[in-house]
Structures are given as structure tokens and as C-alpha cells.
Amino acid sequence: MKPKHIILIRHGESEANIDRYLFGKVPDYTIELTAKGQQQAREAGKALKTLVGNESIYFYVSPFWRARSTFEGVVSTFERSQFNYREEPRLREQEWGYLRCNEDFDKICRERKEYGTFYYRIPGGEAGTDVYDRINDLLGSMYRDFEDENYPSHCVLVTHGLTIRLFLMRFFHMTVEEFETMESPGNCSLVILERQDNESYILKTEIPKSNQVLRYSRPIRI
């Protein structure tokens, strides 16, 4: 039986959410939560507890430190016997490559916006397509996990904004154009997928939409 819910949680407010140029000074994976981000993680844990009650949970956690700290804050609400977890590198955020000066960082952000997030490859890093492929592979592992008759009642992924958008794109078979209209959910908001009687899932959470006009868009016309 598949879990009742698949829940995606973006990490809490991080130091780089306050100073985006931090990406050029320290390795991305070492960026930590702010005090506000730590409080957001605890509040997300309370919201999750309201949703799942005393039922069992399995967490997949990005290895980036801001995601680890978010996981620690979320599970502070729960008894240790209620959940299991594993660190899952495929849930890491898009790789930005080597450290850069502020000017180079601004240039990449501008080019990425103009070119399209899904296809733009960050020099020395990843394109959105690479993250999509990671998520595709992860889903295969998750569905094998679901085959275990003792799998917990709820599945939670603690990860990053772009990764959540690409997970939804892959899971619900969205087009590239549909993906590009999505914005990342807020820090520590719960994105809830709920299982239906026919074993399929529906998205219960409204995802923010971008008002940006796509520079390149070519839907299939049949």
C-alpha cells in the first residue's frame, strides 16, 4: 500500500535567503538556517503533527546542512519511535559549481531567467534537467520502498525549492512550460500529495505561480 501522503518540505529560511552572495563565499552545502529558519522548522513540525497524528512517517532528507537542520527542527515535535529516516543525496539542490564573485553570480541569475530555468546549465554546475533526472531515479527507489508491507503511513521529503518544483513536474507529468510557471513554495511550507482510492495522488497544496512572461514557449499543438 502506498503511503497516505507524500509531503514535500522546503528548508527553512537560510543565511543565503538573506544574503544571496553567500553562495560565492562558502560551499553551498554548508549554508545553515537563520534563527527564523529554525523556528519555521519547528512550526512545520507542528503542522505535520496535526496532519499525521500518531501515525508512522518515513523521511528522506537532503544532505545539505540547511535541510538537515530543518529535519531536526521538524522531528523535534515527534517521539523518536514514530519515524525513521535516511539521508538522500538525490534530493540536494541544483549544483551551482565553484565559488564566484558577485558580478558573475548576477550574470548567471540573469542568463538563467532569460534562457529558462529547466534548460539553462550553470557553468561548472547543473541544469534543471539534471535535477529532473535525479528525481526520476529517486522515484524509482521510493516506489520500491513502498512495496514493503511495513512501510510507514506517510512519506516526507525535506529538500529545496527548485527540487520540489521538479519533483512535482516529474510526478504529475507536467510540461516544461508548466514547470516554468511555478514558483518555489515558501520556506518550511508543506506541499501535500494525498493518495486517492484508486492509488493515484492529487496535489492538495496550491503552488505559487510566476507572473513572468516566458521568453521561449512552444507547447505541443495537435
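**View 1. Asp-19 and its partner Lys-25.** Asp-19 is partly exposed, because its relative accessible area is 28%, where buried means under 20%, exposed over 50% and partly exposed in between (1.4 Å probe, protein chains only). Asp-19 forms a salt bridge with Lys-25, with the closest N and O atoms 3.7 Å apart; the term stands for a side-chain nitrogen of Lys or Arg within 4 Å of a carboxyl oxygen of Asp or Glu. Lys-25 counts as exposed, at 53% relative accessibility. This is a predicted model, in which local features need pLDDT of at least 70 and side-chain atom pairs count only at pLDDT 80 or more, while totals for chains, interfaces and linings use all residues. Residues are numbered from 1 along each chain as its sequence is written, and side-chain values use heavy atoms, with hydrogens and water left out.

**View 2. The salt bridge between Lys-4 and Glu-55.** The closest N and O atoms of Lys-4 and Glu-55 are 2.5 Å apart. Lys-4, at 34% relative accessibility, counts as partly exposed, and Glu-55 is partly exposed at 28%.

**View 3. The salt bridge between Glu-126 and Arg-134.** The side chains of Glu-126 and Arg-134 meet at 2.7 Å, N to O. Glu-126 counts as buried at 10% relative accessibility, and Arg-134 is buried with a relative accessible area of 9%. Salt bridges that share partners also join Arg-86, Glu-88, Arg-90, Asp-137 and Asp-145 into one network.

**View 4. The surroundings of Leu-193.** Leaving aside its neighbours within four places in sequence, Leu-193 is in contact (heavy atoms within 4.5 Å) with residues including Ile-6, Phe-167 and Tyr-201.
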